[in-house]
Structures are given as structure tokens and as C-alpha cells.
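Subject: Structure for you to look at

Hello,

I am handing over the structure we spoke about, and below it I have written out what was found. Please keep it open beside this message as you read.

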2 protein chains.
Amino acid sequence: METIGQILRNKRQELGLLLRQVSAYVDIDQAILSKIERNERKPTKEMLGRLAEILKLDKDELLIQFISDKIAYEIVNEDCANKALKVAERKIKYLKSHPVKN
Amino acid sequence: METIGQILRNKRQELGLLLRQVSAYVDIDQAILSKIERNERKPTKEMLGRLAEILKLDKDELLIQFISDKIAYEIVNEDCANKALKVAERKIKYLKSHPVKN
DNA sequence: TCTATATTTGACACATACTGTCAAGTTATA
DNA sequence: TATAACTTGACAGTATGTGTCAAATATAGA
């Protein structure tokens, strides 16, 4: 099971790219990219988009990995994690079918 | 579909309790409780436990509502919310069966 | 209405967490 | 051992969340 950091690092190395090169393309400090690849920092959505581009990864798939990572990390220590996920699923379905008026 | 705030408020009113009374028991400012009930602030786990006690709610069930609320709110705007939930579920299963060494 | 009580709101100071930048440190490779 | 690649930690700035409080508003009863 790969974390988002591992996905990014693996693909970067596969493509033979350096931190320096990728971070320049994404327009971030290479220290940040290094930390992202080791899951020490979280990328923003903008970063994810650019990373997907240069690393030839599917943007949507990467976003899914990102979000699921965040959720998993957030609640993995809860005994009720799985039940909570199920309820969250229902809530999201409900919310999407009952848009909030502003 | 009830939010955690609604659950708390409904039960409090059912029991005929005042914000003042419940907040005293939970040992928080009543302004905070008021905001929690309107989902303007999030309770801590300690608060949840005390709230469950005085409101005669199931502690675990309340925690599930709390966590699922947080997740749902976090990702409801993502197109890939459901897919991300599924992946998160797999990740959690994996993480739970492969404990990290410290 | 007037009054008391219940609730809501917003401002505040404080704490906590996250941001990008940078330089110095470490690791890896030739 | 020299060079390039990567990692680490400190830093200031910013954002976000916290509880406290008093004033504003809403609600209910006489």
C-alpha cells in the first residue's frame, strides 16, 4: 500500500528526474518536495496538479490518493474508524443530493 | 440526516436541560456549547464524552457521528469523494494490520 | 408591554499549527 | 575524496483554532 509520497518518489525516480528539476517545475523549494515525498508535509492541490503533469501521473488518481491518505491518517487510530467511514459515506451522499442554499 | 450539533441540541431539549446546565457539567463556556450545537465549533473528545454522559447518549455512537461529520465536511466538495473514501477504507485496513514500529 | 431568562454573537488575547526560505548537515555516487 | 543529491532543522510570517467575556438578541411569562 503506497502513500502519496511514495508514489511521487517512485515515479520521479522511474523517470530519472531530480528533486531539483521537479521542484523547479512545480515552483516550490526542493526541501518542501523532499518532505512531501517522505510524507512530512502535505502538498497543496496546485502542487498535486503540477506534479501529476511532470510525473505523467493521472491527476484524479493522485487526488484520490491524497485525500484518502489524509483521511486514513486522521482516523486510523480510532476504534470506530470503519463505522465512521460508512456513516461519512451516507452523509456525503445525502449532502450531495441536498445542496445547501447560500 | 442529523449533524452532531443537531443531535446534541435535540437531546438536550428533550431532556429539558439548559445550555447553562450542560455546559457547567462539561466544564466549558456556554457560548462554546451554543456554537457546538450550531456546528460553528467542534467539540474535543473529552467534551464528547461528558456530553454523552449528561445527555444519556451512546459515547461510541456520538464519536462516530463526530468523526463522520468531520470527514464528510472535509471532502463533500470533491468530485472523487466516494472513491477516496473507498481507498481510505483499504488504507486503514492495511495500516491496522501492519502496525508501525516506533 | 415589561421583565427575566435563555441563547447568540463578536471581539479579544492566546496558543497551536502550517507556510516557504534558507543554510548547514548528511548521504550517495563516481 | 570530491561532487552532486538529498535531508534536516531553525526561522519568521501567516493562518487557524482556543477559551473568555460582555453585549446583543431572542424567548417566555406576568
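For what follows, a residue is near a strand if one of its heavy atoms lies within 4 Å of it. Please also keep in mind that this is a predicted model.

With that cut-off, 53% of the atoms of DNA strand D within 4 Å of the protein belong to sugar or phosphate, and the rest belong to bases.

Helices H1 (4–14), H2 (19–26) and H3 (30–37) of chain A, together with helix H3 (30–37) of chain B, each supply at least two residues of the surface near DNA strand D, and H3(A) gives the most, with four residues.

A backbone N or O atom of A:Leu19 lies 2.8 Å from a phosphate oxygen of DNA strand D.

Now to the two protein chains. The contact between them takes 33 residues from chain B and 33 residues from chain A, and together the chains bury about 3,400 Å², of which 70% is on carbon and sulfur atoms. On the side of chain B, the residues that lose the most area to chain A are B:Met1, B:Lys91 and B:Ile92, which together account for 20% of what that side buries.

How many salt bridges are there between chain B and chain A? The count is six, and one of them joins A:Lys45 to B:Glu78, with the closest N and O atoms 2.8 Å apart. Across this interface there are also 12 residue pairs in polar contact. The largest share of the side of chain B that touches chain A comes from H6(B), with 15 residues, and the residues of that side divide into 17 nonpolar, three polar and 13 charged.

Finally, a rotation of 180° with 0.0 Å of shift along its axis superposes chain B on chain A, with an RMSD of 0.0 Å. The two copies are thus related as by a two-fold rotation axis. Moreover, 100% of the interface residues of chain B are also interface residues in chain A, so the copies meet through the same surface.

Best wishes

How values were computed. Residues are numbered from 1 along each chain as its sequence is written. Chains are lettered from A and ligands numbered from 1 in the order in which they are written. This is a predicted model: local features need pLDDT of at least 70, side-chain atom pairs count only at pLDDT 80 or more; totals for chains, interfaces and linings use all residues. Side-chain values use heavy atoms; hydrogens and water are left out. Contact means heavy atoms within 4.5 Å. Buried area is the accessible area (1.4 Å probe) that two parts lose on being put together, summed over both. A salt bridge is a side-chain nitrogen of Lys or Arg within 4 Å of a carboxyl oxygen of Asp or Glu. A polar contact is a pair of N or O atoms within 3.5 Å; within protein, one must be able to donate a hydrogen and the other to accept it, and residues adjacent in sequence count only if both atoms are side-chain atoms. Ala, Val, Leu, Ile, Met, Phe, Trp, Tyr, Cys and Pro count as nonpolar, Asp, Glu, Lys and Arg as charged, and the others, Gly among them, as polar. Copies are superposed by least squares on the C-alpha atoms of residues with pLDDT of at least 70 in both.
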